[in-house]
Amino acid sequence: DPEVLSVLEFLNDNETIAAVTAERAYLREVQGGCQVPVGVYGKVSGNHLLLEATILKIDGTREVRAQIDGSCSEAEELGIKLAQQMLAAGGKEILDEVEY
């Protein structure tokens, strides 16, 4: 409902939107959910977004950790790019071992 959305617009926080957009893009790309050993955290300062993530082996013996940063306007692209880099750096092999 457009009228309700316009009334609630003041609740939006652009920094939170950028961080969550990047985190969700990352999780979508790695196909992460509650049963997948991945973590991602976006932190915004002004118009700058820092996205940090990890992919872990269930027993903790192996890990791929990385970060990426850029403009908040690139949040979706940053999340996808970080996920692809980490999957290529060994994260895919770790996730392939996970039994859902």
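**Reading a predicted model, feature by feature**

Leu 11 is located in the loop that joins helix H1 (2-8) to helix H2 (14-30).

Me: Okay, I'll start there. Is Leu 11 buried or exposed?

Reply: Keep in mind that this is a predicted model. As a general idea, nonpolar side chains in soluble globular proteins tend to be buried together. Leu 11 counts as exposed here because its relative accessibility is 58%, and the cut-off for exposed is over 50%.

Me: Now the inside. How do I read the largest nonpolar core?

Reply: The general idea again is that nonpolar side chains tend to be buried together in soluble globular proteins. In this model the largest nonpolar core has 24 residues, and those touching the most other members are Tyr 26, Val 30, Leu 49, Ile 55, Leu 82, Met 86 and Leu 95. Two or more residues each come from H2, strand E1 (38-45), strand E2 (48-56), strand E3 (63-71) and helix H3 (75-96). H3 gives the largest share, with eight residues.

Me: On to charges. How many salt bridges does a search of the whole structure find?

Reply: The general idea is that side chains of opposite charge can pair when their charged atoms come close. The search finds four salt bridges here. One of them joins the side chains of Lys 57 and Glu 97, at 3.7 Å from N to O. This pair links distant parts of the chain, 40 residues apart: Lys 57 sits in the loop between E2 and E3, and Glu 97 in the segment after H3. Lys 57 is partly exposed, at 28% relative accessibility, and Glu 97 is partly exposed too, at 45%.

Me: Where do Lys 92 and Asp 96 lie?

Reply: Both are in helix H3, four residues apart, which is about one turn of the helix. Lys 92 and Asp 96 form a salt bridge, with their closest N and O atoms 3.0 Å apart. Asp 96 counts as exposed because its relative accessibility is 54%, while Lys 92 is partly exposed because its relative accessible area is 44%.

Me: What about the side chains of Arg 65 and Glu 63?

Reply: Those meet in a salt bridge as well, at 2.5 Å from N to O. Arg 65 is exposed, with 60% relative accessible area, and Glu 63 is partly exposed, with 38%.

Me: Last one. Is Thr 54 buried or exposed?

Reply: The general idea is to compare the value with the cut-off, where buried means under 20% relative accessible area. Thr 54, in strand E2, counts as buried because its relative accessibility is 10%. Its side chain makes a polar contact with the side chain of Glu 63, at 3.1 Å. A polar atom of the Thr 54 side chain also lies 3.4 Å from the backbone oxygen of Val 64.

Me: Which residues does Thr 54 touch, not counting those up to four places away in sequence?

Reply: The list is Tyr 26, Pro 37, Val 38, Gly 39, Glu 63, Val 64, Arg 65 and Met 86. Tyr 26 and Met 86 are among the core residues that touch the most other members.

Methods: Residues are numbered from 1 along each chain as its sequence is written. This is a predicted model: local features need pLDDT of at least 70, side-chain atom pairs count only at pLDDT 80 or more; totals for chains, interfaces and linings use all residues. Side-chain values use heavy atoms; hydrogens and water are left out. Buried means under 20% relative accessible area, exposed over 50%, partly exposed in between (1.4 Å probe, protein chains only). A nonpolar core is a set of buried Ala, Val, Leu, Ile, Met, Phe, Trp, Tyr and Cys residues joined through side-chain atoms within 4.5 Å. A polar contact is a pair of N or O atoms within 3.5 Å; within protein, one must be able to donate a hydrogen and the other to accept it, and residues adjacent in sequence count only if both atoms are side-chain atoms. Contact means heavy atoms within 4.5 Å.
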